[in-house]
Amino acid sequence: MRPFPTIPVLAAAGLLLTAVGSAGQPGSPVAKFQQLEQLLPSPNAQRNAAGAPGPGYWQNRADYSIDAELDETTHALTGKGTIAYHNNSPDALTYLWLQLDPNFFSHNADARTIDRPVDPTKFGYKKLEALLTEETYSSDLEIREVVDAAGQPLKHTIVKTMMRVDLPAPLAPGASYKFTIAWHYKLNPWKGSASRTGYEVFESDGNALYVVAQWFPRLAAYTDYTGWQHKQYLGTGEFTLEFGDYDVRLTVPEDHIVSATGELQNADTVLTAAQRDRLKQAATAKSPLFIVTPDEAKALEHHKPAAKKTWIFHAENVRDFAFASSRRFIWDAMGAAGHDYKGHPVMAMSFYPKEGMPLWDKYSTHAIVHTLDVYSRFTFDYPYPVAISVNGPVGGGMEYPMICFNRPRPDPDGTYPKRTKYSLIGVVIHEVGHNYTPMILNSDERQWTWMDEGLNSFLQSLAQEEWEKDYPQGRDARAMTDYMRRTDRVPIMTNSESIYELGYNSYAQPTIALNMLRDVVMGRELFDHAFRTYAQRWMFKRPTPADFFRTMEDDSGVDLDWFWRGWFYSVDHVDLAIDNVRCLQLDSRDPAVEKPKAKAEKDALPVTHLRERNAALPKRVDRYPELKDFYTDYDETTVIPTDKLHYDRLLAELKEAQLDPTLLKTVRNFYLIDFSNLGGIVMPLPLKIEYTDGTTEEMMIPAEIWRHNTEKCSKFIMTKKEIKSIVLDARDEMADCNIDNNFWPRRPVKTNFQLFKDENEKNPMRELGKAKPAVEKPAEKKP
């Protein structure tokens, strides 16, 4: 065993030692442990202090009836919709704001003119392709009319991606207003303008596949905390919308298959009898069944439609509507066992071209059902009739109520890398999971990206853990350390459009933080109950960060303000260190015990070279014995009378003070472990202790150990066993940015290195064949 660096003596008074921090020294706990109430909005009638909707909670509503037609020749969409807006707020509204998201692709859109500067050292092919597309493609939404229920024009003003409609009279609290808008615009192509919506054209047959979203003027949200949420759509901050019912009629080429938010209302006229029968069988199938088979889709690849067909959908209590359309769609489906909607199984369905096989037919629909199973267990029962995954032209994946668009496909030869397989499974789980947040937990995406992406990515990680053993998680603590130690980070609680490194900030960091909160700080039982309470409190409502923070604390009974401050409001990182471990010996005060012990410890000290080499030298006292005296052979372990007198007096004093003298003979090992917080975030201290007998113990010290000093703290441990080693965060689950200081005794740091060789200078003469043959030296003539 490696000797301890220091072995101080623990006096009798030291029996009262406990875990301490150094109050009054640097590392003031005020900022780290201060309650969040100074940052959070004050509780009110809409949102109470427990994080729940209050008795005065309200939210407005917008119902839509829309007719739209897709022109496959020009890739344009023409629509007309009637909106019934219901003012449930306590305010009279003199105007309404609507989102015109297609203007995101306008030539003069803010998203184009304020695009981030290009790094010339990393100028990519896709970036150049996008710039070239912008030269020819522009998508100003053409508003053809805005009229009231009587057909009279309404004054309206377009402000980039927003439009204000001025009402002829204030809309009183509790009143409703109907008006109609007609519009037209060209859809964006996949190549060069990949976004959350668009179309792609397959080179093999010239057919198009459309995934259409943000395609109609949508009511902006009017809220109790910000009024109208009409921040411009710049591309990062997504959408803040109102719930409503939708009746949508989509007219497309007659051979197209359409997938959309809601339930299909006219299957008898748009599907064949065989397809309707397959759809019925799929409701109780144990695995996905083809509704539109690969052969049926292939037969339409070179078909030229002569007419159009209208697909009718109805959706209840949704905040948006999206659809996909193509003649190349293969369609499979199965009922999600255990998930019912109005007495019928929820239908899990996937739509994809043949290019998606063999990945999509194998994994997509199963991933949908798996998502419903896991997410419902952690939140609430899935409340919609369908859950759909569509393979289409989006950057990675994008979510809408009941439907999502996802990109991963196998290679053209039908093979696929491992990464593509898990990218598909992961993105389907993620995008279908968005049905729970923000489609039902209707947070303000334009303001707080993490409230939907972060919470959803956390739930996604739980679902992936239940997909298969050792699922390759992309967002774990080990992968975050390089990002967390960066100095250009911004807090999670940053407006969506001001976030740098969105994937790390709003997806990965909240995921890791919540997993730590669940497994390290709170424990799964408390966390899961509180998280489910949050979800069920705010189902079909509009939660804010304060509602989430307050609910998690209110339901669990755990003060988490220090955690929210560190992980959501700061740019600190985790770097905890074991500074020192001291073995403290209990002084029994008995001279008969302590004197021999002291001598044994002295005798155990290493012999110096000086003493070792001088030991054989002749000694003067040996030549002159008269120089020897009492102390020459005196035994330092001898107990003299005054030693015994002092010890007996101590025992008497302890008895008089009603203290048990036998405590002085306690046989235990005492340790004082000193820690440093070098990264700033206060965290619990999970310790793995190995003893000299080969056994191990895991110990969790709560974060409150830092409450007196957030830079330094110490933990006092008493144990029957002798400690051999200690590891801080042995499971490597706290995103500690420097684990080299997590060990006692210190361990060598292992780092791989490679051997390199110098490159030879290029020889153009040889490569271009210009080398001349060497001139032979003439032979010397013989004399």
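Which residues does W567 touch, not counting residues up to four places away in sequence? I will come to the answer in a moment, after a word on what we are looking at. This is a predicted model, in which local features need pLDDT of at least 70 and side-chain atom pairs count only at pLDDT 80 or more, while totals for chains, interfaces and linings use all residues. Residues are numbered from 1 along each chain as its sequence is written, and side-chain values use heavy atoms, with hydrogens and water left out.

Now to the answer: W567 touches M484, I492, Q509, A513, M516, V574, I681, M683, M734 and A735, where contact means heavy atoms within 4.5 Å. W567 also belongs, with W215 and F548, to the residues with the most contacts inside the largest nonpolar core, which has 193 residues. By a nonpolar core I mean a set of buried Ala, Val, Leu, Ile, Met, Phe, Trp, Tyr and Cys residues joined through side-chain atoms within 4.5 Å, and buried means under 20% relative accessible area, with exposed over 50% and partly exposed in between, using a 1.4 Å probe and protein chains only. The largest share of this core, 9 residues, comes from helix α7, residues 360–378. Helices (H or I, at least four residues) and strands (E, at least two) are DSSP runs, numbered from the N terminus. In soluble globular proteins, nonpolar side chains tend to be buried together.

Let us turn to L250, which sits in strand β15, residues 244–253. L250 counts as buried because its relative accessible area is 1%. Leaving aside neighbours within four places in sequence, L250 is in contact with A68, W215, V258, A260, K309, T310, W311, F313, F321 and F323. L250 and C583, by comparison, are 333 residues apart in sequence and 77 Å apart in space, taken from C-alpha to C-alpha.

Is T494 buried or exposed? T494 is found in the loop between α10 (481–484) and α11 (502–522), and it is buried, because its relative accessible area is 13%. A polar atom of the T494 side chain lies 2.6 Å from the backbone oxygen of P491, and T494 touches Q447 and I499 when residues up to four places away in sequence are not counted.

Finally, let me take the salt bridges, each defined as a side-chain nitrogen of Lys or Arg within 4 Å of a carboxyl oxygen of Asp or Glu. The structure holds 47 of these salt bridges. In one of them, K160 pairs with D110, with the closest N and O atoms 2.9 Å apart, and this pair links distant parts of the chain, since K160 is in the loop between β7 (156–159) and β8 (162–171) and D110 is in helix α2 (residues 110–113), 50 residues apart. K160 is partly exposed because its relative accessible area is 44%, whereas D110, at 19%, counts as buried. Another salt bridge joins E466 and R377, whose closest N and O atoms are 2.3 Å apart. That pair, too, links distant parts of the chain, with E466 in the loop between α9 (450–465) and α10, and R377 in helix α7, 89 residues apart. E466 counts as partly exposed at 38% relative accessibility, and R377 counts as partly exposed at 41%. Salt bridges that share partners also join D205, E301, R328, K354 and E355 into one network.

Methods: Polar contact = N/O pair within 3.5 Å; in protein donor to acceptor, adjacent residues only side chain to side chain.
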